[in-house]
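Visitor: I would like to learn how to read a protein model.
Guide: Then let us open one and take it feature by feature.

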Amino acid sequence: MPSLFKQGDVMIGGIFPVFNKQLSSTSSFERDPPGVRCAGFDLRAFRWTQVMIFAIEEINKDPTLLPNISLGYRILNSCASPTNTLRAALTLVSGPEEMESTSPCLPPISALIAESGSSQSLAVAGTFGPFRVPIVSYFSTCACLSDKAKYPTFFRTIPSDYYQAKALAALVKRFGWQWIGAIQSDNDYGRNGILAFTEEVKKLGVCIAFVGTILRTYKMDKILDVVEMIKQSTVKVILAFVPEGDLYPLMKEVVKQNITGIQWIASEAWITAARPSTPEIYRSFGGAIGFVVRKMAIPKLRPFLTGISPYTDKGAAFVRDFWEVMVGCRPPLPGELSGTQAKSEMCTGTESLMNSQDVFFNVTQLRVSYNVYKAVYAIAHALHHLVFCEPVGGKAVRPCVNISEIQPKEVIAHLQRVRFTNQFGETVFFDQNGDPPASYDIINWQLRDGQVQHVTLGHFASAANSDYELSIQEEKIVWRTGKMVPKSVCANVCPEGTRKAQIKGKPICCFDCIPCADGTIANSTGAADCTPCPQEYWSNERRDKCILKMIEFLSYHEPMGIALTVVSLLGASLSLATMLVFIHYRETPVIKASNSELSCFLLFSLFLCFLCPLTFIGRPTVWTCMLRHTAFGVTFALCISCVLGKTIVVVTAFKATFPGNKVATKFGPAQQRIIVCSCTLFQIVICVLWLKLNPPFPDMVFRYSNKKIVLECNTGSEAAFYAVLGYIGILAAICLVLAFLARKLPDNFNEAKFITFSMLIFCAVWITFIPAYVSSPGKFTVAVEIFAILSSAFGLLISIFAPKCYIILIKPEKNTKKHVMEKNLNKTRL
C-alpha cells in the first residue's frame, strides 16, 4: 500500500481517506493486492496527512517535549472503506514495507491516528482493542465509540455525537421547529446520530416526519426515492446527519429537481466541506445551519503546505495526485515524456504554490485539521509522561524508561490522564470515555460576492454546572428567503379556547384543534387539555376565560317579584281594611253573629299571611331563610286555628238550639282562645325544634342550569318542613270536615258554607302546590310557594269575609237582628 513514511525512535501510524471512493475490493490481505483501486482524491484529507507530518516535525524540533527522541510516522490511505481501513491498520502493525532486507528492525507503531469515518474507526477499534493499541480519532463522532467496555483503547479529539445531538435538539427548540425530516447515512455514523437526535427532540415534543437513508455507493433509484420523500412531505426543515461524500449525490439531485424553500440543518460532517459549498448547490441549500468543531489557526502551517512539491521528494505517496489537482498538470516521470499528448499534460517543473490563494492553504479556520494536530500532541505528551515520568516542563531530562521497551498499552495508560495546555492556550484532555468536552461552533451558509461563505453565528459548549449552553447571534443570520426563520409544523398551534386532538395513525405533532366543551377553558395556546372552570364559574363564548355564573333569585326589581309584592301588599291591605270594618261595625248583628273576636284574630293572621311572601322575595340570607318558613308555618297555623274555632262555634251554636243542650255554654270565648292558642303553640314548638336542630340556610344550587347559580333557601331538615306543612294540612282537613257537616244550618246565621268553600279552595291550592313545587326550577320554585300562600289567603279572605262586608257596606238594611233571625225562625217552624 502506498504510504507517507519517515523513520523515528517512536513510530506513530496514520490512516486517512486520501481517496474517498473504493472502486472494487478484495478479501485478500496480501501486500499490494491487485483487486483494490481507489478514486476521488480528497484535498481536505490530504491536508490532514500534512498536518500530522507538520505536527511531528514541530515536536521533533521542540527541545522540551521529547528531547533526544525522534517521532516517526507511516500514513496510509483508507479509501473511506471499513475493510480497507482495517487492512491499512494491519499493515501498519505488521511492519513497514519500505524496509530493506538488510535494514535493522524498526520499532512497531506506539499509537495510531485513525480514522475520519465512524464505521472505519469501529472496525479498527474493535479489532485492535484486545491488542491494547491506542487509537486516536480526529473525526469519528459516533456516540457508540464512547463505550469503554467495547473499545477500551479508543480516544478522539472531536466531541461525541451524543453532545451534537443535544446541540441540534437545542437549536431546533430555539427556532420553534416541531415538524422536521431527517436524512441519515447507511452506516454507524448516520444511524447512531439520528437515533440520538430523535431521543433528544422527542423530549421537546418535536416529531420526525420521515427518515431517509442514503450512501455514496447507492444506485440512483434509491437516491430518487429519498428525493421523492422530501417532495411529498410538508416539512420545511430537514436534518442531514450524513458525511459529505454520502450527501453530495443527493444534493445534486435536489438542485437538479429545483427543490427549494427547505431549511437544512447540517451535522459537522458536511457543513464546512468545500465540495458542496458552491453557488450552484446554494440554490437549494443556501442558509444551511449546523455545528462544527471549534476552529483554530496554525500560523506556521501555511509555509509548510506551500512547500509541498513532487520535485522535492519524488517518492512521496499522494503528492503527484495532489499536484495534478492543485496545479492542473502531472509531474514528469521517466518514460512519460514521449508523445505529443503526454507533453501537453506534463508539468514543466517551474510551477509553484507559493502565491496560491486556494482554500487548501487557508490555515486560519482549521477544524478537523486542528483535531489531527491535537491528536499528535496528545500522543507526544503521553509519551513524555511515560518516558520521563513527569509532565512537560520539569527539570529532569533523563529518561526513566528505555525507548525500545515502550509498549502500546503503556501509552494508553498515559493517554487516559494526559492534560496539557498547548501553545495556543487551549487545554487538551480526555474524559473517562476518551472524549474531549463538548464544544461546537454554529455555522451558517451565506452568499457574498457570488461565493458561499461559512459564517459563525455562535457556539454550543459545556457549562460549569455540567449542563450545556447554546448562544447564537440571530441578527447575523441572512436566510435565503429573507431574515425570517422558516416555520415547520405539522399542525398550527391550537389557539386559546381549543385543545389538541390527536389524529389516529399520525405522529403526535399532527393534531386537530377541538373547541373546549362548555364549562372548560384553554387560556393558553397549544393546550393539550381543557381545564374545567370552578363550580361558581362558567366558560365564556370563546372558551378562554372562566366568568362568574349568573346569580338567580326572585328579586324585587324583576316583573315577577314586583307583581307578587303588589299582590301581597294588596292582600295585607284588604285584610287590614276588613279588620277595621269589623271593629267599626262590631255592634251590628252580622258582626256579632260571626263572632267578632275570632274574626279579628283571623283577619290579623291573614294580614300576617299576606306579609309572609315578602320574606320569600330578595336575596336569601340566614335570617330570611329561617324566617320565611317558620313565619309561614306559624301564621297559617294561627289562621287555620281561627277558622277551626269559628267552625266549632258554628256547630255548637246549632246544637244549642235543641232543648237541654249545654254545649254552647261550655264553648265560650275562653275555650275558643284556648283552641286557637294551643293549636298555634303546637306549630310554634315544631318550628323552634326545627330552628334548633337543623335550621334552613341560604344555599347555591347548580343543578338547574350550567350557566347560572340559583340562590335559594335550603330547608335544612326536610322532615321538619313537611311536618309544618302536614300539621297545617291536618288542621285544614278537620276544618273542612266540621264545616261540611254544618253546611245545612240556617243561612242567615251560619258561616259553614263559606268556611267549607274556603277550606276546599285552601286544600285544592296546597294539594296542587306540592307537584308544582317539586317540578319548578330555580326562582320559579319560590314563586310557586308564594302563589300558593297568596291564593290560599285570598281564598279564606274572600270566601269568609266578602259576604259579610257586602251586607255591611252595600246592603246595610239586611244588617238587622230581625233579618238575621227571620230565616232561622222560619226554618224552625217548618
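Visitor: Where do I begin?
Guide: Begin with where the model comes from: this one is predicted. Then look at the chain as a whole. Its secondary structure comes to 24 helices and 27 strands.

Visitor: How many residues does the protein chain have, and what percentage count as buried?
Guide: The chain has 830 residues, and 52% of them count as buried. As for the surface, the chain exposes about 38,800 Å², with carbon and sulfur atoms supplying 58% of that area.

Visitor: What share of the contacts between residues at least 6 apart join residues at least 24 apart?
Guide: The share is 70%.

Visitor: How do I read a nonpolar core?
Guide: Look for buried nonpolar residues joined through side-chain atoms within 4.5 Å. The largest nonpolar core here has 72 residues, and those touching the most other members include Phe 16, Met 52 and Phe 322. Among the elements that give two or more residues to this core are strand E2 (10–16), helix H1 (43–61) and helix H12 (368–388). H12 supplies the largest share, 15 residues.

Visitor: Which residues is Met 52 in contact with, leaving aside its neighbours within four places in sequence?
Guide: Its contacts are Ile 12, Gly 13, Gly 14, Phe 16, Tyr 73, Ile 75, Ile 113, Val 372 and Val 376. There is also a second, separate core of 69 residues, which includes Cys 600, Phe 607, Cys 679 and Phe 794.

Visitor: How does one find empty space in a model?
Guide: Rolling a probe the size of a water molecule over the atoms shows where empty space is left. In this model, the largest pocket holds about 940 Å³ of space. It is lined by 30 residues, and Thr 272, Ala 273, Ala 274, Val 359 and His 454 lie nearest its centre. Strand E17 (451–462) is one of the elements giving two or more residues to that lining; E17 gives the most, with five residues. By class, the lining has 13 nonpolar, nine polar and eight charged residues.

Visitor: How much space lies in the second largest pocket?
Guide: About 630 Å³. Of the 33 residues lining that pocket, Ala 80, Gln 120, Arg 216, Pro 243 and Asp 246 are the closest to its centre. Strand E3 (19–24), H1, helix H3 (118–128) and helix H7 (244–256) each supply at least two lining residues. The lining divides into eleven nonpolar, 13 polar and nine charged residues.

Visitor: Now single residues. Is Pro 613 buried or exposed?
Guide: The cut-off for buried is under 20% relative accessible area. Pro 613 has 0%, so it is buried. This residue is in helix H17 (residues 613–616). Leaving aside neighbours within four places in sequence, Pro 613 is in contact with Ser 568, Ile 786, Ile 789 and Leu 790.

Visitor: And why does Gln 407 count as partly exposed?
Guide: Partly exposed lies between the buried limit of 20% and the exposed limit of 50%. Gln 407 counts as partly exposed because its relative accessibility is 39%. Gln 407 lies in the loop between H12 and H13. Gln 407 and Ile 109 are 298 residues apart in sequence, yet 9.3 Å apart in space, C-alpha to C-alpha.

Visitor: What should I look for in the backbone?
Guide: Most residues other than glycine have a negative phi, and most peptide bonds are trans. Here, a cis peptide bond joins Ala 114 and Glu 115, with omega about -5 degrees. Glu 115 is in the loop between E6 and H3. Phe 318 has a positive phi, near 70 degrees, and is found in the loop between H9 and H10. Phe 318 is buried, at 5% relative accessible area. Arg 543 also has a positive phi, near 60 degrees.

Technical notes. Residues numbered from 1 in each chain as written. Predicted model: local features only at pLDDT ≥ 70, side-chain atom pairs only at ≥ 80, totals over all residues. Heavy atoms only, no water. Buried < 20%, exposed > 50% of the residue type's maximum accessible area, 1.4 Å probe, protein only. Helix = DSSP H or I, 4+ residues; strand = E, 2+ residues; numbered from the N terminus. Contact = heavy atoms within 4.5 Å. Areas by Shrake-Rupley, 256 points an atom, 1.4 Å probe, with all protein chains shown as cover. 1 Å grid on protein atoms, 1.4 Å probe; cavity = no way out; pocket = protein on both sides within 12 Å on 5 of 7 lines; lining within 4 Å. Points joined across faces, edges and corners; volume = space filled by probe spheres on them. Nonpolar A, V, L, I, M, F, W, Y, C, P; charged D, E, K, R; others polar.
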